[in-house]
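This briefing covers helix packing, the nonpolar core and the side-chain pairs of one model. Please read it alongside the sequence and coordinates shown here.

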Amino acid sequence: MSDYHLRTAEQLSILLQAFRKESGLTQSEVALRLGVTQQTYSTLERNAENVGVGRLLKLLGILGVELVLSKPGNATGTPTDARQPEPG
């Protein structure tokens, strides 16, 4: 399991797109599961800073991603910049 450390909303947008593609899902498929239109999901993916926590958690569940919060320097080590998941 890989960890991805986020510091900006722009990094979240990149990761959401990468996790979706890694899951083999289209924007339309994710939108259907999330209960929104494809256009709404596309906007959400590009502008992650506007996503509410509830919707983000539901989206992460759809993508098979777990959200873990930690303080820098904890047992997970020193935070690094967000990396994109390896193509599947």
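A nonpolar core is a set of buried Ala, Val, Leu, Ile, Met, Phe, Trp, Tyr and Cys residues joined through side-chain atoms within 4.5 Å; buried means under 20% relative accessible area, exposed over 50%, and partly exposed in between (1.4 Å probe, protein chains only). The model is predicted: local features need pLDDT of at least 70, side-chain atom pairs count only at pLDDT 80 or more, and totals for chains, interfaces and linings use all residues. Residues are numbered from 1 along each chain as its sequence is written, and side-chain values use heavy atoms, with hydrogens and water left out.

**Nonpolar core**

- The largest nonpolar core has 18 residues, and those with the most contacts inside it are Leu16, Val30, Leu34, Tyr41, Leu44, Leu59 and Leu63.
- Two or more residues of this core come from each of H1, H2, H3 and H4; helices here are DSSP runs (H or I, at least four residues), numbered from the N terminus.
- Val30 is in contact (heavy atoms within 4.5 Å) with Arg20, Leu25, Tyr41, Leu59, Ile62 and Leu63, leaving aside its neighbours within four places in sequence.

**Helix H2**

- Helix H2 spans residues 27–34, and Gln27, Val30, Ala31 and Leu34 are buried in it.
- Seen down the axis of H2, these buried residues fall within an arc of 100°, so they line one face of the helix; the arc is that of the directions from the helix axis to the C-beta atoms.
- An α-helix has 3.6 residues a turn, so residues three or four places apart point the same way.
- The partners of the buried H2 residues are helix H1 (9–22), helix H3 (38–46) and helix H4 (53–62).
- After H2 comes Gly35, with a positive phi near 85°.

**Helix H3**

- Tyr41, Ser42, Leu44 and Glu45 are the buried residues of H3.
- Their directions, viewed down the axis of H3, fall within an arc of 160°, so they line one face of the helix.
- Gln39 and Arg46, on the other side of H3, are exposed.
- The buried residues of H3 pack against H1, H2 and H4.

**Salt bridge and the surroundings of Glu45**

- A search of the whole structure finds 1 salt bridge, defined as a side-chain nitrogen of Lys or Arg within 4 Å of a carboxyl oxygen of Asp or Glu.
- Arg20 and Glu45 form a salt bridge, with their closest N and O atoms 2.7 Å apart.
- This pair links distant parts of the chain, as Arg20 is in helix H1 and Glu45 in helix H3, 25 residues apart.
- Both Arg20 and Glu45 are buried, Glu45 at 5% relative accessibility.
- The side chains of Glu45 and Tyr41 are joined by a polar contact of 2.8 Å (a pair of N or O atoms within 3.5 Å; within protein, one must be able to donate a hydrogen and the other to accept it, and residues adjacent in sequence count only if both atoms are side-chain atoms).
- Apart from neighbours within four places in sequence, Glu45 is in contact with Ser13, Leu16, Gln17, Arg20 and Gln27.

**Aromatic pair**

- The structure holds 1 aromatic pair; rings of Phe, Tyr and Trp (its six-membered ring) pair if their centres lie within 6.5 Å, with planes under 30 degrees apart counted as stacked, over 60 as edge-to-face and the rest as tilted.
- Tyr4 and Phe19 form this edge-to-face pair, at 5.5 Å centre to centre and 80° between the planes.
- Tyr4 lies in the segment before H1 and Phe19 in helix H1, so the pair ties together parts that are 15 residues apart in sequence.
- Tyr4 is partly exposed, with a relative accessible area of 23%, whereas Phe19 is buried at 11%.
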